[in-house]
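Please walk through this structure with me. We will take a loop, a helix and a helix pair in turn.

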Amino acid sequence: MAGQPLTLHRRRTPAVPIAPMGTLLLRSLVLVSLYYAVALWGFLFTPDPNGVALVWPATGVGLALVLLHGPALLPAAALAAGLVSWQFHLEMMPLAQALGTTAATLAGVALGARLLRGLGFSPRLERVRDTALLLGVGALAASALAAAAGAWGLALGGRELDFTGTWWRCWMADLTGLMLVTPALLTWLDPHAPPLRAGVTGGWGMPLLLVTVTILVTGMTYSPLLPPALAMPLSYAVFPAILFSALRCPLRITTGLILVSGAIALSGTGLGFGPFADMGQTTGLLSLNAQLALLALTGLLLAALRAEREAERERAQRHLDELARAGRLSTLGALSSGLAHELNQPLCAVSSYAQACRRLLARGRLQELAETLERLEAGTRRAAETVRQIRSFASGQAPPRHTLDPATLVHEVEALLRPELRRRGVRLVLKLPEGIPPLQGTPLQVQQVLLNLLHNAMEAAEGRQPAQVCLELRREGKALVFIVTDTGPGIPPQRMERLFEPFATWKRGGLGLGLSISRDLVEAHGGRLSARNPPRGGAEFRFDLPLEDPHDIPAASPSGGR
C-alpha cells in the first residue's frame, strides 16, 4: 500500500526552513508537553492488566509536529519518548527494553515523516490523496514500528504474552490515536494555513452548534446515565454532525470535532461507561476503535472531496476568467482594427474636401468653397458618429433605429465617394426606382455597408476598361435588395469560402474587416449579404433589407453616372 505512491508520485514537498533558535525551543517545548500529556491520558485509561493502552496518541503527536516543522524537532520527540518511557515503562520492562522502545518509536516518527514529505503530502489534507497517505504511511510506518516496539518491550519484560495479539492491540491503539490527533494538529498548528473562517454557513453559529451537539451526544452516550442497549445506537448519532461539518465547515472544525468526540468516547470507555465497556478488552477495544476509525475516515474523506471540488471550481473559474480576458483583448483588437477601418473612409473624404477647399480658396471661388465646407463638416460629423456607435457597441448598447429613405441614403453615399471616384477615374451608375418605400434601420450602419461595398468595387474597377461600378436597388418580395457590381477581375475562387471572415483579405494593405463588418451590420438589420462572380465578369455583392411599408416598386431606371 505504501509502495505504489513511491512510483506514481515523485514530486517532493519543499523542505521546511530552519527556524530561529527561540522558535525551535518553543516548538520543542510544545511537542514534549503535548506528547507527555496525551501519553498520560492514554495510561489513565488502560484497562489491560499487561499495560496495553486503550488508545496511544503520542506517536501521532510526534508525527504531526515533525511533519509541520521538520526533522529539527526529532531531538524533542526523542526526549518526549524517553520521558514517557522513564515515567511509565520502567515498571513494566527493563531499562534496555525501554530504551529500545523509545528508539523504535522515534524511528517510526522519523520514517513516517520522511515518507510523507517525500510523497508530496500536504498537511492541509485538502486532497483525498493526502488523507490516504496519512493513514497508509501512518499505519504501515509510524504506528507499526511503535506497536512492534511496545509489544516487544512488554514481551521481554517477563510477561507471558502472545506477541501477535499484543502487537495487534498496540497497533490498533496507536493507529486510532494517530487518526484522532494527527489531523487536528496538522490543520490547527500549520503555520502556513489560511485564517480560519466560518465557511459557507455564513457565521460561527453553525460550528458552535455542531461542537455543542457533538459534546452533548457523545457525553450522554459514554456516561452512566444510559443503559448499553440505548447507548449503542446513540453512539452513531455523532456521525451526522461530523458529516455536516465536513460538507459545510472549514476542515479545522471537522478535525476538531473528530478529536473531541474520540476523546470523550475513549475516556468514557476507559472509565467503564458506554456501550463498549462491558464487551471485554479485546472485543470492546476493537469495536470502539473501528467505530472511531470509521468516523474519522468518513469525515476526513468527505472534507477532502469537498476541498477538491472547490479547488476544481476555482480552477475552472480562473480558466474562464483567463478566457474572458483573452476574449476582451481579442475584442479590443478587433474593435481597434474596426475603428481604424470605419474611420478611414470619412477621414479620407474630409482630407479630400480640405484639399479642395484650399484650391477653391486660392482661386477665389467662394460659392463652391461654401458647398465644399458643408461636405467637410458632414464628413467630420460622420466620423464622430462612427466613433460614438463603436463605443455603444463596445458597451453593449444597441444603436437607435429610424425610418430611412433609401434614395437619400444612396445619394449621401454618392456624395461622400465623389472625390474618390474622380481620383480613381471610376464611373458610378445608380439605378434607383421611383417611390421606394422607407426602411427601418440605423442610417450610419446602412451607409457604412454601401461605402464598404462601393469602395471595394472602385478598387477592383480602377484601371480597367471600362472602369465602372453600378449600384442598383430592386424590390424582391417584402425586401429591398441593394446590388453592387463592378468591372473588375472578380473574386478569386479560392477566396470565396472565407470571403466574409475577419482578417481574410488578399488585397495589399487591407485589414480584411470591411466585408465582415458589413455582413454583421446587414444581419443585425434582418438581412443577408452574399457575393458571386456573374457570367459577364467582375464581382457582384448584394444584400437585402426588410421594407417598412412593402408597397410595389416600379421597375428600376438608370439615374445617371458620375
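Helices (H or I, at least four residues) and strands (E, at least two) are DSSP runs, numbered from the N terminus. This is a predicted model: local features need pLDDT of at least 70, side-chain atom pairs count only at pLDDT 80 or more, and totals for chains, interfaces and linings use all residues. Residues are numbered from 1 along each chain as its sequence is written, and side-chain values use heavy atoms, leaving out hydrogens and water.

Start at leucine 125. Leucine 125 sits in the loop between helix 5 (95-118) and helix 6. Its phi is near 55°, a positive value in a residue other than glycine. Most residues other than glycine have a negative phi. Leucine 125 counts as buried, at 1% relative accessibility (buried means under 20% relative accessible area, exposed over 50%, partly exposed in between, with a 1.4 Å probe and protein chains only).

Now move to aspartate 130, in helix 6 (residues 128-156). Aspartate 130 is buried too, with a relative accessible area of 1%. Leaving aside residues up to four places away in sequence, aspartate 130 touches Gly120, Phe121, Ser122 and Leu125 (contact means heavy atoms within 4.5 Å). Its side chain reaches the backbone nitrogen of serine 122 at 3.3 Å.

Next, look at helix 2 (residues 21-44) and helix 3 (residues 58-69). They pack at an angle of about 165°, with axes 8 Å apart. Helix 2 is therefore roughly antiparallel to helix 3 (angles over 145 degrees count as roughly antiparallel). Residues making the contact include Arg27 of helix 2 and His69 of helix 3.

How values were computed
Polar contact = N/O pair within 3.5 Å; in protein donor to acceptor, adjacent residues only side chain to side chain. Axes fitted to C-alpha atoms, helices over the stretch in contact; angles between N-to-C directions. Parallel < 35°, antiparallel > 145°, perpendicular 65-115°, else oblique.
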